[in-house]
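Here are my notes for you to read beside the model. Keep the structure open and look up each residue as you go.

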Amino acid sequence: MSDSVEVISAAAYTEGEPAGGELLLEGTDGSGAVRRTVLPGGIRVVTEAMPLVRSVSIGIWVGVGSRDESPAVAGASHFLEHLLFKGTPRRSALDISAEIEAVGGDINAFTTKEYTCYYARVLDADLPLAADVLTDVVGAALLREQDVESERGVILEEIAMTEDDPGDLVHEEFSLALWGDTPLGRPIAGSVDSVRELSRDQIAEHYRSHYTGPNLVVAAAGNLTHEHVVELVWAGFEQVARHSHISLDRELGPNVSRAELDAAAGPAPLTLAPAVRLLGKKTEQAHLVLGTPGVNRLDDRRWALGVLAAVLGGGMSSRLFQEVREKRGLAYSVYSFATQFTDSGAFGVYAGCQPKKLREVLSLCRDEIGKAAADGISESELALGIGQLRGGTVLGLEDTGSRMSRLGKSELVYGQHLSVDEVLERMGAVTMDEVRRVAAELLATAPATAVVGPYQNVEDFS
């Protein structure tokens, strides 16, 4: 089992930092104050106090995802997500899960195209335990050869599971149709071939290169004080630094966010000629995604695009739901979505239906996208879309886990922290002309299309 956590005074390691950390948000909109402290080694600690709850969610966010991988190490970030739970010098794989579960908490992780997160949710009294376990897992993984081999089989099973789920598979095919064989287009988990070829040394080098202090953000939300979280995080990383690659050198500062880095570099937007991809599989239901390049994370058009997505396919009153399901009964599930990355984005529509109905569904989806591109939306639809976004945003931030995620992404990826009131204000300020312009700019282009189902001719969906 783990050693006890020694909590030391914040004054010992925050020289030059304001007492209680830097105040980022006052917390005047019903939220708690958001504060940030930068520790030696460049590790950032960002917290939000929620004194009316009895839980805390804490996550360690790492600024590396599948788009940071070359084809030779495709899947390495996701592989590490698995391996870090296999053991440290202080804990076995069983200890890691059992210690958190013994206090009724949850511990898990996920990998995306641009970041990886390891998180736990516990009672407020068990925050010291959660912080100790997470810093140990992220900072001192053993990465043993036998663990690499055992998890290789688990990951190959995970890939096979995705391939057996056409609803998930069609989204991977859509990414390839839109971005091609690029880091954004390739699957997060890698391919069967790349996972089989990854060596322990390659994975360990990926770990040492990216899991460093400047690339780490610790986010926590719940019944906490900022000073206590900072002390716990420092104590945890100070302990693992004794026997890991983590450095607590005071000369190291935090990395800038992905959005800030991209803005400084000023690259051209990542767009490719959209393609049509057909994956012929014997399925009971056909699955379709079609869409166009969208906008990046900090593009001001993202607010209008969110409203457009809500109007087209955001709920039971949306255009697509009414036309495809309510009026014609052609599909059970149909919706639209907008995804943003640092330098690119996507706007898309998904539908699942009986194979014989797919061409009609595809035609209806194209028609609705074309109408939006040509004519925009109505005043009543604008109000509905804004209302959906505002309500969904507030309701989605009612628990400590969602608040913690918001903190981590804001610090690591966006490089800015907006209050809930600021977000609601920006949504509410979207105008008809803004929605009309973004629809005309994005949806008038030829869409990328992905289909999974019992078909043979890709030309049928061009």
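1. The lining of the second largest pocket holds 13 nonpolar, 9 polar and 9 charged residues. Here Ala, Val, Leu, Ile, Met, Phe, Trp, Tyr, Cys and Pro count as nonpolar, Asp, Glu, Lys and Arg as charged, and the others, Gly among them, as polar. About 880 Å³ of space lies in this pocket. Of its 31 lining residues, Asp-168, His-171, Glu-172, Pro-187 and Ile-188 are the closest to the centre.

2. Please keep in mind that this is a predicted model, where local features need pLDDT of at least 70, side-chain atom pairs count only at pLDDT 80 or more, and totals for chains, interfaces and linings use all residues. Residues are numbered from 1 along each chain as its sequence is written, and side-chain values use heavy atoms, with hydrogens and water left out.

3. Which element gives the most to the lining of the second largest pocket? That is α5, with 9 residues. (Helices are DSSP runs of H or I with at least four residues, strands are runs of E with at least two, and both are numbered from the N terminus.)

4. Now find the largest pocket, with a volume of about 1000 Å³. Trp-303, Gln-340, Thr-393, Tyr-414 and Met-427 are the closest to its centre, out of 29 lining residues. Two or more residues each come from α10 (302-313), β10 (331-340), α13, α14 (400-414) and α15. (On a 1 Å grid over the protein atoms alone, a pocket is an open set of points with protein on both sides within 12 Å along at least five of seven lines, a cavity is a set where a 1.4 Å probe fits but cannot get out, and lining residues have an atom within 4 Å of a point.)

5. Next, look at how α13 and α15 meet. The axes of α13 (residues 379-395) and α15 (residues 420-428) come within 9 Å and cross at roughly 170°. The two helices are therefore roughly antiparallel to each other (angles over 145 degrees). Their contact (heavy atoms within 4.5 Å) involves Ile-386, Leu-389, Arg-390, Thr-393 and Val-394 of α13, and Val-420, Val-423, Leu-424, Glu-425, Met-427 and Gly-428 of α15. These residues divide into 7 nonpolar, 2 polar and 2 charged.

6. Finally, the structure holds 2 cavities of 30 Å³ or more. The second largest cavity has a volume of about 40 Å³, and among the residues lining this cavity are Ser-66, Glu-69 and Arg-186.

Definitions and conventions
Axes fitted to C-alpha atoms, helices over the stretch in contact; angles between N-to-C directions. Parallel < 35°, antiparallel > 145°, perpendicular 65-115°, else oblique. Points joined across faces, edges and corners; volume = space filled by probe spheres on them.
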